[in-house]
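Biologist: I'd like to learn how to read a structure like this one, feature by feature. Could you walk me through it?

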Amino acid sequence: MPGVGETVVLDRAAFGALLQALIADGRELVGPTVRDGAIVLDTLRGIDELPRGIGDEQGPGRYRLRERGDEALFGYAASPHSWKRELLPPRVALVQIRRTGRGLAFEGGAAPLRKVAFIGARACELAAIAIQDRVLRDGAHPDPDYRARRDDVFVLAVHCGSPAGTCFCVSMGTGPRARAGYDLAATELLGGDSGHRFVVEVGTVAGGAILARVASRAATPEDTAASAAVTDDAASRMGRKMQNEGIRDALMANLEHPRWQAVADRCLGCANCTMSCPTCFCTSIEDTTDLSGDHATRARRWDSCFTADFAYVHGGSVRPSLRARYRQWLTHKLATWHDQFGTSGCVGCGRCITWCPVGIDITEEVAAIRTPPDGLPGSPPGSLPRSTNG
Ligand code: SF4
Ligand code: SF4
């Protein structure tokens, strides 16, 4: 059995067999597939449902699939879906209430007992999962539904060789090579004398055990060099760059920068950026009843700091303007997240740029806000505010 830290090589047929071994192990495969003109995450029955030969083109407010002209199965960048949908679903029933002859009956919404394997998770995605783990699983108040879904997830990561025009994981230190958070991590290699193959690193004992069920050979120095070359090349082709050094203080020193109003003038408040972001975790609770009045559901659903209702407290919203809401989102993501959780809240996946209907680009906004306008002094050192309301 390949041990933790070992690297082996699988040909394409063996990679397909690896997916079948995971299914035989009782796991539901969730991975990339083509649907509705996009690469989305869905349940897979095997290798044939992966997006063979399909890549993508992404830019601010733009996403297109394209034929790659090769046989790549993982030749695309971040998809509109992230793994957040699996671990923190858009809507979760928390309790069902039913009227009975003698009163009310309550049923708790239990998380499904699924054994899941995530197929093809990128390094930035694993970094995003680690961020949500810190908030929703490992913090002072763990979320039982998240923890139940997160337990026993098998991760077959695929190192990224196809960054999009909106990617900046290198700036955020999260990719394109996965360093942790996987059971197996594969590099897809196309062509050459050795043909279509996968160089697979073993991250856990569980990963080695499943790998032992399929045909593989030990990786040669040439294989590992070819694997490193894929991610080195991807790192050199990042579509965007974020000025991340000292970003917390730079943003908090510029809370009155005129750029906040300029971006608010373009922003529609649609919340697409937060829905597509793999780390945003804001939710609201809603109660609904059916028309008979005999059944009610209390559910948790995704919400967003871009909606007016989200910041509503008794008497009104604490962030009534789009300027305040955009500033809250960006400064939380890149500045006060450090205070709360010790890391950035951004992994550089670029989704908020691609899926913004008006093409607002977080890297461009940060660059503009980091440049103080003439005649507007920054806050003196030591007096940086901790709140961005208003
Ligand atoms: S803020 Fe944008 S680039 Fe950063 S993790 Fe969220 S969606 Fe990705
Ligand atoms: S996706 Fe764009 S327009 Fe929509 S709320 Fe986010 S920044 Fe504003």
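This is a predicted model: local features need pLDDT of at least 70, side-chain atom pairs count only at pLDDT 80 or more; totals for chains, interfaces and linings use all residues.

Biologist: Fine. At what angle do α9 and α13 pack?

Modeller: First, the elements: helices (H or I, at least four residues) and strands (E, at least two) are DSSP runs, numbered from the N terminus. Axes are lines fitted to C-alpha atoms, for helices over the stretch in contact, with angles from 0 to 180 degrees between N-to-C directions. Here α9 (residues 259-266) and α13 (residues 362-369) pack at about 155 degrees, with their axes 10 Å apart.

Biologist: And what do I call that?

Modeller: Under 35 degrees counts as roughly parallel, over 145 as roughly antiparallel, 65 to 115 as roughly perpendicular, and the rest as oblique. So α9 and α13 are roughly antiparallel to each other. The contact (heavy atoms within 4.5 Å) is made by Arg-259, Trp-260, Val-263 and Arg-266 of α9 with Glu-364, Glu-365, Ala-368 and Ile-369 of α13.

Biologist: How do the residues of the contact of α9 with α13 divide by class?

Modeller: The classes go like this: Ala, Val, Leu, Ile, Met, Phe, Trp, Tyr, Cys and Pro count as nonpolar, Asp, Glu, Lys and Arg as charged, and the others, Gly among them, as polar. The contact of α9 with α13 has four nonpolar, no polar and four charged residues.

Biologist: How do α9 and α11 cross?

Modeller: Their axes come within 8 Å and cross at roughly 110 degrees, so α9 is roughly perpendicular to α11. On the α9 side you'll find Trp-260, Gln-261, Val-263 and Ala-264, meeting Leu-322, Arg-323, Tyr-326, Arg-327, Leu-330 and Thr-331 of α11. By class, the contact of α9 with α11 divides into six nonpolar, two polar and two charged.

Biologist: Now the ligand. How many residues surround ligand 1?

Modeller: A residue is near a molecule if one of its heavy atoms lies within 4 Å of it. For ligand 1 there are 13 residues, the closest being Cys-277, Cys-346, Cys-349, Gly-350 and Cys-352. The elements giving two or more residues to this shell are α11 (322-341) and α12 (351-354). By class, the shell around ligand 1 has nine nonpolar, two polar and two charged residues.

Biologist: On to single residues. Is His-81 buried or exposed?

Modeller: Buried means under 20% relative accessible area, exposed over 50%, and partly exposed in between (1.4 Å probe, protein chains only). His-81 has 14%, so it's buried. His-81 sits in the loop between β5 (62-67) and α2 (84-87), and its side chain reaches the backbone nitrogen of Leu-41 at 3.2 Å. Leaving out residues up to four places away in sequence, His-81 touches Arg-35, Val-40, Leu-41 and Arg-351.

Biologist: What does Arg-150 touch?

Modeller: Arg-150 lies in α4 (residues 144-150) and is buried at 15% relative accessible area. Not counting residues up to four places away in sequence, Arg-150 touches Leu-87, Ile-129, Asp-133 and Arg-137.

Biologist: Last topic: what should I look for in the backbone?

Modeller: Most residues other than glycine have a negative phi, and most peptide bonds are trans. In this model, the bond from Gly-175 to Pro-176 is cis, with omega near 5 degrees. Pro-176 is in the loop between α5 (169-172) and β10.

Biologist: Where is Asp-36 found?

Modeller: Asp-36 is in the loop between β2 (28-35) and β3 (38-44), with a positive phi near 55 degrees. Asp-36 counts as exposed at 72% relative accessibility.

Terms used: Residues are numbered from 1 along each chain as its sequence is written. Chains are lettered from A and ligands numbered from 1 in the order in which they are written. Side-chain values use heavy atoms; hydrogens and water are left out. A polar contact is a pair of N or O atoms within 3.5 Å; within protein, one must be able to donate a hydrogen and the other to accept it, and residues adjacent in sequence count only if both atoms are side-chain atoms.
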